[in-house]
Amino acid sequence: MKNDSEPVDVAVVGVGRMGRHHARTYKQMPEANLVAVVDMDEDRRETVADEYGCNAYDSVEALIAGEPTLKAVTIAVPTIHHVAATKPFLEKGIACLVEKPIAPTVADAKELAGFADGCGTLLQVGHTERFNPAVRTVAGMGLTPRYIEVDRVSPMTFRSLDVGVVMDMMIHDLDIMLMFANSPIAKVDATGVSVLGEHEDVCSARIVFENGCVANLTGSRLALKTERKLRLFSEEGYVSLNYASRSGIVVKKSSDNTDALAMVREQLAAGKDLSDLDYSELITVDELTMDVPEGEEDQLTAQAKSFLRAAINGEKPVVSAEEGYAAVDAAERVVQSIRSHKWVGRDSSIISTEDLKQSVNPKKTEV
């Protein structure tokens with residue numbers, strides 16, 4: 001086990017919007033020694049390297065050759081390049097934290113997860129919402145969810161338009177749903193609408209898991225405000241989370257009113273009118289109490305610390321390559337369901353989503 005006081009040599013590959021955040025995070029961490037950044041854009045890599053006092057390289061190969069003590073890297077290049085950018089590090093035994101999603105397709109995700117396993121090298125996926133204190137607190141409560149509702153909407157930022165709202169935003173919630181439900185997906189029904197580009201900008205999905213849990217998810221990048229909320233219903237209680245404010249409430253059956261609850265059930269079964277009963281007296285409503293480790297208030301920092309601990313001490317990553325693959329698989333199933341959805345037009349004829357796109361952007365035909 002490595003001495004905790006000795007920083008780990010790390011690098012960031014791809015220093016666009018997210019990559020810069022990763023570089024900044026590593027630079028501020030005593031556990032990390034940011035030795036280099038990589039980017040094909042010379043001005044961008046030199047600017048970031050100057051800001052954080054590290055070396056700059058134009059390729060993965062140059063980084064590996066120039067930094068022989070490198071132990072861990074963050075891959076923050078566009079998703080379509082994840083496989084190509086990550087494999088050389090895995091082959092060298094250098095631990096990798098790959099920004100979500102792990103890959104653009106299920107096939108690529110499965111390939112990369114299998115490659116990492118074959119190399120025996122750590123591969124963690126950057127689903128930062130897992131490190132939201134509210135999410136971590138609920139995950140530790142041991143609830144068995146029966147029904148989950150999620151809303152993740154925001155105004156258009158005109159970023160990540162190479163993918164739809166499912167891969168861009170909803171994939172966060174799909175990953176969390178899979179963790180909470182702890183069951184394979186049995187069925188997916190979804191619909192979505194493309195407004196500004198080729199891919200869906202709004203999506204509503206209903207997912208049924210094999211254990212019976214049902215999740216309804218809404219994602220939109222065309223909203224007028226930002227809202228990120230989750231509601232979880234279980235037999236043990238109800239939880240409401242606000243991702244953005246990292247706050248929430250927990251509603252449980254009051255342990256002091258067990259007899260009263262039993263009596264209410266009996267009276268309801270007997271058909272009695274209980275409209276005058278105050279429901280709030282039968283339950284306990286508490287603010288969600290979160291235990292946030294010192295120095296891990298920021299989700300990106302918490303993720304980076306977790307990644308380095310896993311890389312150096314051989315711990316299981318919080319979000320494994322297999323879990324990253326599962327999230328992509330779920331997202332792809334949602335997108336496929338959107339494409340198979342049938343719309344009924346004003347003339348009562350049934351058209352598919354692809355037909356709808358064709359009617360909006362008809363291909364030119366030669367006469």
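Trainee: What do strand 2, helix 2 and strand 3 make?
Mentor: Together, strand 2, helix 2 (residues 42–52) and strand 3 make a right-handed β-α-β unit. Right-handed means that, with the strands pointing away from the viewer, the path from the first strand over the helix to the second runs clockwise. Helices (H or I, at least four residues) and strands (E, at least two) are DSSP runs, numbered from the N terminus.

Trainee: Before we go on, what kind of model is this, and how are residues numbered?
Mentor: This is a predicted model, in which local features need pLDDT of at least 70, side-chain atom pairs count only at pLDDT 80 or more, and totals for chains, interfaces and linings use all residues. Residues are numbered from 1 along each chain as its sequence is written, and side-chain values use heavy atoms, with hydrogens and water left out.

Trainee: How many helices and strands are there in the chain?
Mentor: The chain has eleven helices and 16 strands. Its C-alpha atoms fill a box of roughly 80 × 75 × 40 Å along the principal axes.

Trainee: Back to strand 2, then. In what sense do strand 2 and strand 3 pair, parallel or antiparallel?
Mentor: Strand 2 pairs with strand 3 (residues 55–57) in the parallel sense, over three bridges. Two strands count as paired if DSSP finds at least two bridges between them. Within this pair, Val37 stands opposite Ala56 in strand 3.

Trainee: And how many bridges join strand 1 to strand 2?
Mentor: Six bridges join strand 1 (residues 8–13) to strand 2, and the two run parallel. The chain passes from strand 1 through helix 1 (residues 17–28) to strand 2, and this β-α-β crossover is right-handed. Asp9 has Asn33 of strand 2 as its bridge partner, and Val13 has Val38 of strand 2.

Trainee: Why is strand 2 largely enclosed?
Mentor: Six of the seven residues of strand 2 (residues 32–38) are buried, so the rest of the structure largely encloses the strand. Buried means under 20% relative accessible area, with a 1.4 Å probe and protein chains only.

Trainee: What about strand 1: which residues lie on each of its faces?
Mentor: Val8, Val10 and Val12 are on one side, with Asp9, Ala11 and Val13 on the other, and all of them are buried. In a regular strand, side chains alternate between the two faces of the sheet. Strand 1 also pairs with strand 4 in the parallel sense over four bridges, and Val12 stands opposite Thr74 in strand 4.

Trainee: A change of topic: which residues are buried in helix 4?
Mentor: They are His82, Val83, Ala85, Thr86, Pro88, Phe89 and Leu90. That makes seven of the ten residues of helix 4 (residues 82–91), so this helix is largely enclosed by the rest of the structure.

Trainee: What covers those residues?
Mentor: The cover includes strand 1, helix 3 (60–66) and helix 5 (106–119), among others. Just after helix 4, Gly93 takes a positive phi of about 75°.

Note on methods:
Buried means under 20% relative accessible area, exposed over 50%, partly exposed in between (1.4 Å probe, protein chains only). Contact means heavy atoms within 4.5 Å.
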